[in-house]
Amino acid sequence: MRNKNVFRNIIFAGLLSCGMILLMIGCSSAPKRQMVYTDVAQHAYDNYEKANGCITRGEYEKAEKYLEDSYAQAVSIDKNDLICKILLSGISYRIQNPVVDLSEKAFALPSDVDTLLSEARFAAAQSDEKIRPLLESIIRVYDCRVKLFKAQNGVESYGNSEIQKILDGEIKNLSKDPYYLAFLYRTKGDWSHFLMNYKAAAENYKTAADVHTKNLYLYEIAYDWYLCASSYSKDGKKQEAVSAIQNALKYDRDAENSMAIAQDYLAAAHILVKGTSSQTEREKALFYAKKAESIFRSTGNLQKADDCIAWITENK
C-alpha cells in the first residue's frame, strides 16, 4: 500500500510540475498589451510628400488631391505641425497654379495665399513647443515667398535687403531640415532673379541643388538646375546655361518625368539660339526642339507638341 501511495505521489508531483511549466510557457508566450497607433498620420505624411512632388512636376490636379487628402487627415487627428506644413505647401501650389476650383467640396484648403499663411501661423502656435521654433522659421521663409508673389504681380513692393536679411537669418535655424533649407535657397534665388541679379540667382539655385542632391530629392534637383539654367541664360552665359539644363535633363530622366524632360529639351533649344549662335548650335537647337515635340506628343500634350513644330518652323 505504501508503495502505491509513493507511486501516486510521484505521478501527482510530475503532473503538477508539468502544469506549472505549461502555465509559465503560456504566460511567457501570451501577447503583451501595447500602445496602439493608427496609420492616419502616416497616410497624411505620405500624401503631403506626394503633393510636394506633384507641385514640382507641375501635376496640379494630382497635387490638389494629395494636398486636400493630407489636410483632411491631419486635421482629423489634430496633427498641428503637419497641418502647418500642408498649408505652406498649399502656398506653393496656389502660386504655381493660381486657377482656383470653386466647386463645393466637403473639406478643402483655403484658396488664397494670405489665408493659407495666416492659418499656418495659427497651426504652428497650437503645435508642440519643441517643434514650434522650426515651424516659425519655415513660416518666415514662406512669408518672403508670398511677398515675392505679390511683388511679381505688382501688388506690393519690398526692399531686397530686408528680404535677404530675413532669409539669411533663417539659414542656421533650418540647417537640420534639408527640404526647407533648400526651399530657402531657392526663394533667395527667386528674389535675385526677380531683381535681375542673375549671377546671385544662379548661385542660390546651385546651392539648393547641392542640398537636394545630398538628400536625394530627385524631382527638386532637376528643377533647381532648370532655374539655374534660366538665370545663366539671362546673364548671357550660354555655355553655363547649357551645362545647367543638361544637369536638369539628367535628373528628370532619372525621375522618368516626361513633361519635365520635354521642357528641358525645349529650354535647351531656346538657350542655344539666343544671341549670336553658330550653325552647329542652331542645328542642335532644332534637334532638341524635335525631341521635345516627340515627347510632348507621346504623352498626349498635343498643343505643346504643335507649339514645338511652330518654333522649329520659325527657327529653320
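A pocket is an open set of grid points, where a 1.4 Å probe fits, with protein on both sides within 12 Å along at least five of seven lines. In this predicted model, the largest pocket has a volume of about 1100 Å³.

**The largest pocket**

Lining the largest pocket are 47 residues, and those closest to its centre are Thr56, Gln96, Tyr223, Tyr226 and Leu227. Two or more lining residues come from each of H2, H4, helix H6 (132–152), helix H8 (178–194), helix H9 (198–214), helix H10 (218–234), helix H11 (238–254) and helix H12 (258–273). H10 supplies the largest share, eleven residues. By class, the lining comprises 21 nonpolar, 16 polar and ten charged residues.

**The second largest pocket**

The second largest pocket holds about 330 Å³ of space. Its lining consists of 16 residues, with Tyr48, Glu49, Asn52, Tyr179 and Tyr217 nearest the centre. At least two residues each are supplied by H2, H8 and H10, and H2 gives the most, with seven residues. Eight residues of this lining are nonpolar, two are polar and six are charged.

Helix H2 (residues 40–57) and helix H4 (residues 80–96) have axes that come within 10 Å and cross at roughly 20 degrees. Angles under 35 degrees count as roughly parallel, and H2 and H4 are therefore roughly parallel to each other. Their crossing is left-handed. On the H2 side, the contact is made by Ala41, Ala44, Tyr45, Tyr48, Asn52 and Ile55; H4 contributes Asp81, Leu82, Lys85, Ile86, Ser89, Ser92, Tyr93 and Gln96.

With helix H3 (residues 60–76), H2 packs at an angle of about 155 degrees, the axes being 8 Å apart. Because angles over 145 degrees count as roughly antiparallel, this pair is described as roughly antiparallel. The crossing of H2 and H3 is left-handed. Among the H2 residues in this contact are His43, Ala44, Asn47, Tyr48 and Ile55, while those of H3 include Tyr60, Tyr66, Leu67, Asp69 and Gln73.

The residue classes of the two contacts are set out below.

| H2 with H4 | eight residues | four residues | two residues |

Terms used. Residues are numbered from 1 along each chain as its sequence is written. This is a predicted model: local features need pLDDT of at least 70, side-chain atom pairs count only at pLDDT 80 or more; totals for chains, interfaces and linings use all residues. Side-chain values use heavy atoms; hydrogens and water are left out. Axes are lines fitted to C-alpha atoms, for helices over the stretch in contact, and angles run from 0 to 180 degrees between N-to-C directions. Helices (H or I, at least four residues) and strands (E, at least two) are DSSP runs, numbered from the N terminus. Angles under 35 degrees count as roughly parallel, over 145 as roughly antiparallel, 65 to 115 as roughly perpendicular and the rest as oblique. A crossing is left-handed if the near helix is turned anticlockwise from the far one by less than a right angle, and right-handed if clockwise. Contact means heavy atoms within 4.5 Å. Ala, Val, Leu, Ile, Met, Phe, Trp, Tyr, Cys and Pro count as nonpolar, Asp, Glu, Lys and Arg as charged, and the others, Gly among them, as polar. On a 1 Å grid over the protein atoms alone, a cavity is a set of points where a 1.4 Å probe fits but cannot get out, and a pocket is an open set with protein on both sides within 12 Å along at least five of seven lines; lining residues have an atom within 4 Å of a point. Grid points are joined across faces, edges and corners, and a volume is the space filled by probe spheres set on the points.
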